[in-house]
Amino acid sequence: MTATTSGGPARAAGPRTHMRSERRSEAIAGYSLIALPLLIFLVLNIGQIGYALYISFWDWGVRGPRELIGLENYQALFENPVFWKAVQNTLYYAALVVPLQMALGLFLAVIVNQRIRGQTFFRAAYYFPAIASSAAITVLFLFIFAPGGLFNGVREALGINPIFAALGFGPNQNWFGDSRTALNTVILLNAWTTSGTIMLFYLSFLQSIPGEVYEAAAIDGAGWWATFRKITFPLLAPAHFFVATVSVIGALQLFDQAIIAGGPGGEPNNALTTIVLFLYRSAIREFDFGFAAAVGIVLFVIIFSVTLAQRRLFGQAPSW
């Protein structure tokens with residue numbers, strides 16, 4: 001009996017050891033597969049941040065480092081009024097465009113998530129601006145919002161010019177050429193072009209909500225607005241965090257529409273100068289790579305801080 005008792009655990013230990021060995025082998029194989037991509041990520045992403053931080057302490061020109069100057073690039077940056085104008089423009093843009101494109105994307109996602117005729121067509125149509133060329137769409141908007149463009153012609157045809165006149169906008173308003181309206185016009189442009197991508201993000205989360213939840217709400221007599229407000233919207237908390245994070249990071253990196261509409265100078269009167277455009281101007285036009293690296297590091301700190309604040313704001317995202 002003693003032999004049987006002692007032999008039982010010994011025989012049982014064999015399969016456990018074998019399973020442990022198999023798991024270890026699978027883990028080694030998995031880590032081996034991701035080792036090279038992880039190394040490339042560390043070098044190209046984390047490494048470049050460290051290299052930019054190193055460059056930012058130097059007077060660095062086209063031919064390389066000239067002099068170690070410590071924090072002088074950062075001091076010059078924080079004393080530059082154009083930089084603070086760029087920060088103001090970027091934060092203003094992010095504060096307006098992110099809620100706007102999130103609301104529009106969620107609205108479109110709720111619509112195309114219904115069982116309606118032509119559902120696939122509407123999904124593709126709403127998403128199409130997101131896959132079109134950003135430069136082409138911006139040039140198109142430049143023509144539409146030009147003094148003699150389609151937008152001014154439509155509001156004249158509708159007879160609503162007196163409303164715009166009361167707001168200080170003439171019949172031939174140059175929407176991209178006026179410092180009061182240039183950035184707001186870019187906000188409308190990007191809210192439209194990015195809403196399709198936001199729609200897809202929300203749609204994927206909407207389709208993962210269990211249908212039993214809506215069936216229970218219908219049995220309780222909840223209307224569509226009560227169902228959306230008390231069930232759909234709260235259950236989309238992980239989607240809100242993900243979409244807000246991606247949208248804010250993209251908004252803080254605004255560059256292509258700004259340089260196409262306002263040129264390298266962010267015209268008119270730096271109304272379209274963003275942090276990334278200011279960085280481009282410092283590096284490409286002035287060849288001051290140390291100063292430009294300092295701009296990049298400050299932008300990284302801003303994005304990282306905002307992302308952490310969003311994580312704290314949304315809290316621990318629920319899962320189902």
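A charge is taken to sit over a ring if NZ of Lys or CZ of Arg is within 6 Å of the ring centre and within 35 degrees of the ring normal.

**View 1. Arginine side chains over phenylalanine rings in the predicted model.** In this predicted model, R155 lies over the face of F164, at 4.6 Å from the ring centre.

**View 2. The aromatic pair of Y54 and W60.** A search of the whole structure returns 25 aromatic pairs. In the pair formed by Y54 and W60, the ring centres are 6.2 Å apart and the planes stand at 80°, so the arrangement is edge-to-face. The two residues can also be described by their accessibility: Y54 has 40% relative accessibility and therefore counts as partly exposed, whereas W60, with a relative accessible area of 14%, is buried.

**View 3. The aromatic pair of F145 and F176.** The ring centres of F145 and F176 lie 6.3 Å apart with the planes at 85°, so this pair is edge-to-face. The pair links distant parts of the chain, since F145 belongs to the loop between α5 (134–144) and α6 (150–157), while F176 belongs to the loop between α7 (161–166) and α8 (182–206), 31 residues apart. F145 counts as buried at 11% relative accessibility, and F176 counts as buried at 5%.

**View 4. The aromatic cluster that contains F145 and F176.** One aromatic cluster is formed by F141, F145, F151, F164, F169, W175, F176 and W192. Among its members is F164, the residue whose ring face has R155 lying over it.

Terms used:
Residues are numbered from 1 along each chain as its sequence is written. This is a predicted model: local features need pLDDT of at least 70, side-chain atom pairs count only at pLDDT 80 or more; totals for chains, interfaces and linings use all residues. Side-chain values use heavy atoms; hydrogens and water are left out. Rings of Phe, Tyr and Trp (its six-membered ring) pair if their centres lie within 6.5 Å; planes under 30 degrees apart count as stacked, over 60 as edge-to-face and the rest as tilted. Buried means under 20% relative accessible area, exposed over 50%, partly exposed in between (1.4 Å probe, protein chains only). Helices (H or I, at least four residues) and strands (E, at least two) are DSSP runs, numbered from the N terminus.
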